[in-house]
Amino acid sequence: MEAGLEQLAEVEGTTALWLKKHRLVYTAATRHPFILSIRDGSIDLNSFKRWLGQDYLFVRAFVPFVSSVLLKAYHESDNNSDMEVFLSGLAALNDEIKWFKKEASKWGVVLSSIAPQKVNEDYCRFLESLMGPNVEYTVAITALWAIELVYQQSFAHCLEEASRTPPELAKTCQRWGNEGFGQYCRSLQKIADRRLLRATSEELKKAEATLLRVLEHEVEFWNMSQG
Ligand SMILES: Cc1ncc(CNC=O)c(N)n1
């Protein structure tokens, strides 16, 4: 007998099914020419610096978004360990903001004088639209997982055996490509799958649409960085 999508979701997880279903845009986000140019060493350092400055601004907007997911977990979660996962994410972001400042000064990028580009503003506005109390926890955790996954998958690709990532970019790739961050992403995915298994069809629809929007925003962000 053929298994329905709902039965498959119990075995494989809804998120994995969605990544298969949307593999074209998922691959566009995680194997973008910008990332491939880091991996093969051909990256234009001006593109890297543009990415660095814009991503610093993005991460500043990402902190309140993660906080909003933590707040939803506190109020709505059926599992009290969820909150600790987000708390560890926020702790990592604290470290990350310091890293951005150090890295920027190393490259001569003046963070205080960087204006967000339109693509970045659009992405940050999308994050804000997910922060309100009207957005379900299930939808918000799906977005958070997808946002982190794109960076984890992209930068881990630059650390693989065959990659020729320039040594001065290795630390950047390790920030999101390391095993600990991979574990964090799996924790987020487990929470998302647990929630999606119990979601209404309305919530499922919203969560899947939100995943797609995240992947599209990530592709645009790489496009913008590449210039
Ligand atoms: C545009 C974008 N997407 C995802 C991440 C990764 N999350 C936190 O650092 C990021 N830094 N920037």
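Biologist: What should helix α10 span, going by its residues?
Modeller: This is a predicted model. Helix α10 covers residues 179-197, and at 1.5 Å a residue its 19 residues should span 27 Å. The end C-alpha atoms are 27 Å apart, which agrees.

Biologist: Nice. Which residues of α10 are buried?
Modeller: The buried residues of α10 are F181, G182, Y184, C185, L188, Q189, I191, A192, D193, R195 and L196.

Biologist: And what covers them?
Modeller: Several helices do, including α2 (14-21), α5 (45-76), α6 (82-107), α8 (137-157), α9 (170-177) and α11 (201-226).

Biologist: What about the start of α10?
Modeller: There, a side-chain oxygen of N178 comes to within 2.8 Å of the backbone nitrogen of G180.

Biologist: Changing topic: how many aromatic pairs are there?
Modeller: The count comes to 24 aromatic pairs. One of them joins W51 and Y151, with 6.4 Å centre to centre and 35° between the planes, and this pair is tilted.

Biologist: Where do W51 and Y151 lie?
Modeller: W51 is in helix α5 and Y151 is in helix α8, so the pair ties together parts that are 100 residues apart in sequence.

Biologist: Are those two buried or exposed?
Modeller: W51 counts as buried because its relative accessibility is 0%. Y151 counts as buried too, at 7% relative accessibility.

Biologist: How about F58 and F221, what kind of pair is that?
Modeller: Their ring centres are 5.8 Å apart and their planes are at 65°, so the pair is edge-to-face. F58 sits in helix α5 and F221 in helix α11, so this pair links distant parts of the chain, 163 residues apart. F58 is buried, with a relative accessible area of 6%, and F221 counts as buried at 2% relative accessibility.

Biologist: Which residues do ring pairs link into a cluster?
Modeller: The cluster holds F34, F48, W51, Y56, W99, F100, W107, Y151, F155, W176 and W222.

Biologist: What lies over the face of F126?
Modeller: That's R213, at 5.7 Å from the ring centre.

Biologist: Last topic, the largest nonpolar core. Which residues touch the most other members?
Modeller: Of its 71 residues, W51, F65, F86 and L144 touch the most other members.

Biologist: Take F86, then. What is F86 in contact with?
Modeller: Leaving aside neighbours within four places in sequence, F86 is in contact with V66, V69, L70, A73, Y137, I141, L144, L188 and I191. Two names there take us back to α10: L188 and I191 are among the buried residues of that helix.

Technical notes. Residues are numbered from 1 along each chain as its sequence is written. This is a predicted model: local features need pLDDT of at least 70, side-chain atom pairs count only at pLDDT 80 or more; totals for chains, interfaces and linings use all residues. Side-chain values use heavy atoms; hydrogens and water are left out. Helices (H or I, at least four residues) and strands (E, at least two) are DSSP runs, numbered from the N terminus. The expected span of a helix is 1.5 Å times one less than its number of residues. Buried means under 20% relative accessible area, exposed over 50%, partly exposed in between (1.4 Å probe, protein chains only). Contact means heavy atoms within 4.5 Å. A polar contact is a pair of N or O atoms within 3.5 Å; within protein, one must be able to donate a hydrogen and the other to accept it, and residues adjacent in sequence count only if both atoms are side-chain atoms. Rings of Phe, Tyr and Trp (its six-membered ring) pair if their centres lie within 6.5 Å; planes under 30 degrees apart count as stacked, over 60 as edge-to-face and the rest as tilted. A charge sits over a ring if NZ of Lys or CZ of Arg is within 6 Å of the ring centre and within 35 degrees of the ring normal. A nonpolar core is a set of buried Ala, Val, Leu, Ile, Met, Phe, Trp, Tyr and Cys residues joined through side-chain atoms within 4.5 Å.
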